[in-house]
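Subject: Handover of a structure and its findings

Dear colleague,

Please find the sequence and structure below, handed over for your use. A written account of the findings follows.

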Amino acid sequence: MVFSSWKKVGLALLLAASVSGSAMAATDVLVLARAEDPPTADPGVEISNSGYTLIYAAYEHLVAYKGGTTEVEPELAESWSVDATNLVWTIKLAAGHKFDDGSPVDAAAVKFSFDRLLKLKAGPSDSFPVLQEVQVIDPMTVKFILSAPFAPFLSTLAVSGAAIVNPKVMEHEVDADMAKAWLAEHTAGSGPYKIASWERNQSIVLDRNTHFSGPAPSLRQVIIRVMGEVSARRLQLVNGDADIIEQVPVDQAEALKKEPAIVVESNPSLYVSYVYLNNKRPPLDDVRVRQAIAYAVDYKGIVDGIMQGQAEQMRGAVPDGMWGHDPSGFQYSYDIEKAKSLLKEAGQSNIHLTYTFSQADTSWEPVGLALQASLAEIGIKLDLQAVADTTKREMAAKGNYDLAPGAWTPDFADPYMFMNYWFDPARMGGPGNRAFYDNAKVTDLVREAASIVDQPKREKLYLEAQTLSTQDAPYLYLIQKNDIFARRAAVEGYVYNPMLIQVYNFAKMSKKD
Amino acid sequence: MTIARIIVPRFILLFFVVFGVAIITFTISHLIPGDPARMIAGDRASAETLENVRRDLGLDRPVTDQFVIYVRNLVHGDLGTSLRTRRPVAADIATFLPATLELGCISLLLAVLIGVPLGVFSAIYKDGPIDQIARTISVCGISMPVFWFGMVVILLFYAKLQILPGSGRLAMEFVSPQRVTGFFLIDTLLEGRFDAFLSAVRHLILPTFVLAFANLGVITRQIRASMLDVLQEDYIRTARASGLRRRAIIFNHALRNALIPSITLLGLAMGDLLYGAVLTETIFAWPGMGTYVVTSIQTLDFPAIMGFTVVASIGYVLINLLIDLAYMLADPQIREVG
């Protein structure tokens, strides 16, 4: 009995194995393999880059980032103007854009989308802190009324949450949820693609939106496959079952570079990794102690050793690649003698601190070890405390730590995303000022810079605030990381934009034979 | 009558177990430092947004109210809505559980079909070449990390030989079958799509083999040990002396008795499968419960974590019940006493 069924299983296995192995996808189908399933595809709710991949493929925005830059250009908008008070923005819509059901994108749809975003107030709406009202002037004109001047306004219109949604989604509303349940897994935009099917934790298929106003995309279909293990993703890429793979660690990137059919895309990103110093806790409330620590860090060692060169040292809060970055700004360097004398000046000895980290970023543990070694040289004992990521976030938000590593990426392309979040005492804790930093002069400068529209003037204010804050050393500015992913060389037309990590310009991409 | 006497108390017990598990998971979920609202609205959400999200999810209510609501919904079979995916947790579990069960059941079957004969022959031909091979296999199975073994197997069969797929449940050209049982092997056949069925089989080979291998070692070792014990019993000697055929002695007398201690082991193995499945599912990108639970824990998705725990506890109670019933069938002595 036992043996005969065993034989049957064996036969079935052999039979199945005899059918040939992997088959490459057709040239009009692109397969993207990534580590996790996007939580939702709802622009009003979604805050992860993994969800942005879907949102930017399926929706258009009033404005979009121009090529690989952080400047915006018109997309659904044709033109815009702002009144003298900087409070009223009038936007004219371009004709010819259609949602995936064929209905036109008009002023009512724009109003609907922003009303929905503000009503949901679920995270993405935080990019519009002073948006009071959206008015329909005529079918192709809308007015945005702000309660206070907000310099980055135009830039915020390009964020994922500002996607223009077809008002007809309300047909799918249940329990007054503004169609949240439906939009979590479906799309209703005027972008080049729409979600055709979504099998959770397995794959998402994007099909062409036949009503898309631009030129028909060369890729008929985009398939996003969920594959948790990085080695598995790598094998899929090498075998040709995947065309793009994401979240490639630096060591794997080095190995992939040797494959002739693979291109490793490593581009400077706006993703920074830094360490919060708790400015409220002694002895870190003494600026000299913070400066001493900043001088004791081996920045080059972190860039070369831990990041294997796939990063650069930060210089000030605003990263390289965004306006407001100060290439000649003051930057701490490894100087043990200076660090020691600062500590002596502060009259501090026997300092014992804790570095609270999680595994959310693989570099945080080695960075902690490097800091531990560096600080030992100036007589500071650093304990490493590993906690779950949710715990670490909560502890940082509540100021319940000495040193804690953090990562930051901007939502929209404006120095506001760094300066006003990191240094304004009104955002202490979770919202951004995680060092609990408070310098009245800096506060005035960043608030003023946010309220005027004149960019050269704003830049001047931000540069001054940056110099002052860097000297106060509220954070340790460590690294600005490269964004790494790998694609098959046959994939063409990809344009990297530092604002759009994990977002691809699928409509303009193609595949060679 | 006796079967009913075993089953009825178990179902009463089941109620208490589920209720207890619900209390414990609920308490632990709320004691873990971390704010689910922050996980959903984003780290840098403003205080106002956080408040709004909390209200939206009912997290602003007193903890006792939250628990009452949870239990009330649970009684109606409603496991709540996942904070992360905004889908009903019951729907998520219905999506992912069959994939894990399909993987787990076939692995267990494979482990038993290979492990039991291997253990038997290993005992019969003790210290012979078959025994040596069987012991090597079982030591490898027990000690080899699932993760590592999975990678080796993918490297060999998918990357080098290219004869088997290395991830997923079905080749990309196939549409997933309409959900009837959730088992692709059955559902594809119900739709009469033999090519899709074959693809599902091919996708199952590597992950089930890897998952089976770990259990195979334990089963082989257990069967071998109890077979050796049984073969030394007096009644076997008596049977031999009375001239019964060797085959009949081994299969009718020895194996039957050797299997009884293994029933408990099978129950444990079923529990292990879920744990092993987390790793196997990650390596083979298998869309099952493993990945779902891990992501839910990482994002503090309380309803998802609790829904899973409740379903798993029901599963454990049922497995235990099955084991007891199996004992009854296998051992007449227990039947009489029970």
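**The second largest pocket**

The second largest pocket has a lining of 35 residues, and those nearest its centre are B:Asp56, B:Leu57, B:Gly58, B:Thr81 and B:Leu83. On a 1 Å grid over the protein atoms alone, a pocket is an open set of points with protein on both sides within 12 Å along at least five of seven lines, whereas a cavity is a set of points where a 1.4 Å probe fits but cannot get out; lining residues have an atom within 4 Å of a point.

Before going further, please note that this is a predicted model, in which local features need pLDDT of at least 70, side-chain atom pairs count only at pLDDT 80 or more, and totals for chains, interfaces and linings use all residues. Residues are numbered from 1 along each chain as its sequence is written, chains are lettered from A and ligands numbered from 1 in the order in which they are written, and side-chain values use heavy atoms, with hydrogens and water left out.

The space in the second largest pocket amounts to about 1100 Å³; a volume is the space filled by probe spheres set on the grid points, which are joined across faces, edges and corners. Both chains contribute helices that each supply at least two lining residues: H3 (107–120) and H5 (180–183) from chain A, and H1 (2–31), H3 (47–57), H4 (63–75) and H13 (302–330) from chain B. Helices (H or I, at least four residues) and strands (E, at least two) are DSSP runs, numbered from the N terminus. By class, the lining holds 16 nonpolar, eight polar and eleven charged residues. Here Ala, Val, Leu, Ile, Met, Phe, Trp, Tyr, Cys and Pro count as nonpolar, Asp, Glu, Lys and Arg as charged, and the others, Gly among them, as polar.

**The interface between the chains**

The size of an interface is often given as the accessible area lost when the parts come together. For chain B and chain A the buried area is about 4900 Å², with 59% given by carbon and sulfur atoms; this is the accessible area (1.4 Å probe) that two parts lose on being put together, summed over both. On the chain B side, B:Arg44, B:Tyr158 and B:Met172 lose the most area to chain A, together 17% of what that side buries.

**Cavities**

Two cavities of 30 Å³ or more are found in a search of the whole structure. The largest cavity has a volume of about 50 Å³, and its lining consists of A:Arg315, A:Gly316, A:Asp326, A:Gly329, A:Phe330, A:Gln466, A:Thr467 and A:Thr470. That lining has one nonpolar, five polar and two charged residues. The second largest cavity holds about 40 Å³ of space, and its lining has five nonpolar, three polar and no charged residues.

**Strands and a helix of chain A**

In strand E10 (residues 221–226) of chain A, six of six residues are buried, meaning under 20% relative accessible area, with exposed over 50% and partly exposed in between (1.4 Å probe, protein chains only). In a regular strand the side chains alternate between the two faces of the sheet. In E10(A), A:Gln221, A:Ile223 and A:Arg225 point one way, and A:Val222, A:Ile224 and A:Val226 the other. Strand E1 (residues 29–34) of chain A pairs with E10(A) in the parallel sense over six bridges, while strand E9 (residues 203–208) of chain A is joined to E10(A) by five bridges and runs antiparallel. Two strands pair if DSSP finds at least two bridges between them.

Strand E7 (residues 141–146) of chain A has five of its six residues buried, so it is largely enclosed by the rest of the structure. E7(A) runs antiparallel to strand E5 (residues 88–93) of chain A, with five bridges, and to strand E6 (residues 131–138) of chain A, with six bridges. A hairpin through two residues joins E6(A) to E7(A).

Helix H6 (residues 230–239) of chain A is likewise largely enclosed by the rest of the structure, because eight of its ten residues are buried. After H6(A) comes A:Gly240, with a positive phi near 90°.

Yours sincerely
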